[in-house]
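This briefing goes through helix packing and a few individual residues. Please read it alongside the sequence and the coordinates.

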Amino acid sequence: MLVEKKERVIMGIDPGTSVMGYGVILEKGNKIELISMGIVRMDHLDDHFLKLQRIFAKTVGLVEQYKPDVMALEAPFYGKNIQVMLKLGRAQGIAMAAALSKDVPITEYAPRKIKQSITGNGSAGKEQVAAMLQRLLNFKETPEFLDATDGLAVAVCHSFQRVSTSGSGKSYSGWSAFAKDNQKRLK
């Protein structure tokens, strides 16, 4: 049987090629505390590959600084511009590679899922998400870029997924393992 840690550090990343947002929280049981949030700016760089290099280096630096137990990333949203999607996918992949190079496990969440878990509304705006995070984590300052609170929202979303109403805190490797352990719940 796996023994779960009583505390864990969760890093959230909102990947972007102009501005990457990040947030780091400490989860103690069912309580969360803000450790840090911020941005990595790349809008001054013209070369896409230099931007990717900066994302990798900064993400590795954040992982080394905060030593997260897990990294949660916002998945790219589906848009009409395939070039934008490609660039965002590369940014996300580079952030993933940085975490994986330091043996940090990764979880990915859709933007709608993140907004839903923070505000209760999957269509909430960035300002609504930031305001709710200010209340949840008890901080006053509004970051210059809402990308920072977007990164923080990903970390908080990940923490919320672990809160179990049954208290068992079990995780499963797939549907068959869940079904086997929950025979009474199946119809």
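Predicted model: local features only at pLDDT ≥ 70, side-chain atom pairs only at ≥ 80, totals over all residues.

Is the crossing of helix 1 and helix 2 right-handed or left-handed? The crossing of these two helices is right-handed.

**Helix 1 and helix 2**

- Helix 1 spans residues 48-66, and helix 2 spans residues 82-101.
- Their axes come within 8 Å and cross at roughly 30 degrees.
- On the helix 1 side, the contact is made by H48, F49, L52, I55, F56, T59 and V60.
- On the helix 2 side, K87, R90, A91, I94, A95, A97, A98 and S101 take part.
- Sorted by class, the residues of this contact are 10 nonpolar, three polar and two charged.

**T59**

- T59 lies in helix 1 and is one of the residues that helix 1 brings to the contact with helix 2.
- Its relative accessible area is 0%, and because buried means under 20%, T59 counts as buried.
- Leaving aside residues up to four places away in sequence, T59 touches M20, M71, A95 and A98.
- Of these, A95 and A98 belong to the helix 2 side of the helix 1 contact.

- Helix 5 covers residues 147-162, 16 residues in total, and reaches 24 Å from its first C-alpha to its last, close to the 22 Å expected at 1.5 Å a residue.
- Helix 5 is mostly covered, with 13 of its 16 residues buried.
- Helix 4 (residues 126-137) and helix 5 have axes that come within 10 Å and cross at roughly 60 degrees.
- The two helices are therefore oblique to each other.
- Helix 4 passes helix 5 in a left-handed crossing.
- Helix 4 contributes K126, V129, A130, L133, L136 and L137, which meet D147, T149, D150, L152, A153, V156 and F160 of helix 5.
- The residues of this contact divide into nine nonpolar, one polar and three charged.

- D103 is not a glycine, yet has a positive phi of about 60 degrees.
- D103 sits in the loop between helix 2 and strand 5 (106-109).
- The relative accessibility of D103 is 69%, and because exposed means over 50%, D103 counts as exposed.
- N138 also has a positive phi of about 60 degrees without being a glycine.
- N138 is in the loop between helix 4 and helix 5.
- With a relative accessible area of 62%, N138 is exposed.

How values were computed: Residues numbered from 1 in each chain as written. Heavy atoms only, no water. Helix = DSSP H or I, 4+ residues; strand = E, 2+ residues; numbered from the N terminus. Expected span 1.5 Å × (residues − 1). Buried < 20%, exposed > 50% of the residue type's maximum accessible area, 1.4 Å probe, protein only. Axes fitted to C-alpha atoms, helices over the stretch in contact; angles between N-to-C directions. Parallel < 35°, antiparallel > 145°, perpendicular 65-115°, else oblique. Left-handed = near helix turned anticlockwise from the far one by under 90°. Contact = heavy atoms within 4.5 Å. Nonpolar A, V, L, I, M, F, W, Y, C, P; charged D, E, K, R; others polar.
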